[in-house]
Amino acid sequence: MSKKLLSIRDLSVDYNTEISRVYAVNGLSFDLDYGETLGLVGETGAGKTTACLSIMGLLPEGIGEVVEGSITLDGEDILRVPDSRLRELRGRTVSMIFQDPMSSLNPVLTVGDQILEVLQEHNKGKKKEELEKTVDNMMELVGIPANRKNEYPHEFSGGMKQRIVIAIALACEPKLILADEPTTALDVTIQAQMLGLIHELQQRLNTAMILVTHDLGVVAQTCEKVAVMYAGQCVEYGSVEAIFDSQTLHPYTRGLFNAIPKLDEDAQRLETIEGMIPDPSVKIEGCRFAQRCKFATQRCGQAPGMVRVAPDHMIRCHLFDKRTEG
Ligand code: SF4
C-alpha cells in the first residue's frame, strides 16, 4: 500500500456566528497520494473551501472550529501540532492558490519581494543573493521575465498576477497545493492557459494537488481522483475513470453531468437541478440531497452511508446500499 500524503477522516467543521451555528463540513473523508491530483467538485456552499482552509490551519479564528475528525499531512496530525509547526508546514509542505489574485497579492510590495518573502521565511540560513536567484527562476518558470520582478502587482494583467500567485505558492516546492478555483476570477480566454500551467508545473515538481472547481470538464482534464461534495458532505468519491465512465452515479452527480452542454445534441434548454442547497445552519438527520432528489423515498429520512459500487468508486445513497458498505 502506498504511503498517503494526506488523509482526512470524518472531518466536521462548524462556523459559530452571533446569529447561528453553521455546519459547513460534515464527516468528510478522503485520501491523496504523493503527486496525485484530486478534484473537489460541488456548488457554492458545499464546503470545498472550508475543507481547504482546515488543511491550511487557516479557519477564521474564533469563528471556524474543527469539531471532529483528523487531518494527517505527510505523517503529521496537523490539528494537533502547535501553531509554530503549522507556520513551518504552510509554504514548505502545503500552500494554497486562492481564487482572486487581486486580493492575494500585497499592492505595496514588488512581486519579486513577495516571492522572496516566502523563501526567506522557510530558508532562514540562506543568503538573500542566493534566494534572489530562486525568485528569478520562479518568475521564468511561470512565464514572466525575471527583469519584471521589481514591478508592483498593478502593473500586471489579471492572468499575470495569477502567475505570480502560483510562483509564490510553488516557491518552496510544497508537497501539496490547494488550488481554490484558481481560474474563476480570470478572463475565460486565459483560464485554459492557466490550468495548463498549473498542471505542467505540478507534474514537473511532482506536487500533489487538490483542485477546487465546479467544472467537471476541468476535472476530467487535470485530475486522477474526484470527490463530489454536497452540503458539507462527500456524496461520491473515486477515480476519474470510474466516475466519468460509469452509469452508476449519485443522483446529484448525475444532475451535474446532465447540466453540461453537449455538442452532439440540439437542446433548447440545459437541464438543471431543481431547488437549492439546504440551509447550512439547520441540522439534517436524513439524506442532505432529499429535498431535490427525484428518487427520494421514506428511507431517505435516514442518513445514507458511503457504499462501494466498484473497487475505486463510492457513493453515499440508499439506492446502492444493497452493495458492500465501504
Ligand atoms: Fe436521493 Fe435517497 Fe439517494 Fe439521497 S439517499 S440521493 S434522497 S435516493
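1. Three residues of domain 1 deserve a look here, namely Arg 92, Pro 174 and Leu 205. Together they supply 34% of the area that domain 1 buries against domain 2, more than any other three residues. Please keep in mind that this is a predicted model.

2. On the domains themselves, the assignment gives domain 1 as 6–93 + 174–320 and domain 2 as 104–173. The contact between them draws on 18 residues from domain 1 and 13 residues from domain 2. Their C-alpha centres are 29 Å apart.

3. Now to the sheet of eight strands, which is open and runs in the order β6-β7-β8-β3-β9-β10-β12-β11. Its pairing is mixed. At the edges you will find β6 (94–97) and β11 (306–310), each of which pairs on one side only. On average, neighbouring strands in this sheet are turned by 20° against each other, direction ignored.

4. Helix α6 (residues 158–170) packs on this sheet and touches β6 and β7 (176–180). The direction of α6 makes about 170° with that of β6.

5. Gly 238 has His 313 in β12 as its bridge partner.

6. There is also an open sheet of four strands, in the order β2-β1-β4-β5, and here the pairing is antiparallel. The edge strands are β2 (21–33) and β5 (76–77), each pairing on one side only. Between β1 (residues 4–16) and β2 there are nine bridges, again in the antiparallel sense. Within that pair, Ile 8 stands opposite Phe 30 in β2.

7. Helix α1 (residues 48–56) packs on the sheet of four strands, where α1 touches β1, β2 and β4 (64–73). The direction of α1 makes about 115° with that of β1.

8. Finally, which residues are closest to the ligand? They are Cys 287, Cys 293, Cys 300, Cys 317 and His 318, out of 13 residues that surround the ligand. By class, the shell around the ligand divides into eleven nonpolar residues, two polar and no charged.

Definitions and conventions: Residues are numbered from 1 along each chain as its sequence is written. This is a predicted model: local features need pLDDT of at least 70, side-chain atom pairs count only at pLDDT 80 or more; totals for chains, interfaces and linings use all residues. Side-chain values use heavy atoms; hydrogens and water are left out. A residue is near a molecule or strand if one of its heavy atoms lies within 4 Å of it. Ala, Val, Leu, Ile, Met, Phe, Trp, Tyr, Cys and Pro count as nonpolar, Asp, Glu, Lys and Arg as charged, and the others, Gly among them, as polar. Two strands pair if DSSP finds at least two bridges between them. Helices (H or I, at least four residues) and strands (E, at least two) are DSSP runs, numbered from the N terminus. Contact means heavy atoms within 4.5 Å. Axes are lines fitted to C-alpha atoms, for helices over the stretch in contact, and angles run from 0 to 180 degrees between N-to-C directions. Domain bounds come from an automatic or database domain assignment. Buried area is the accessible area (1.4 Å probe) that two parts lose on being put together, summed over both.
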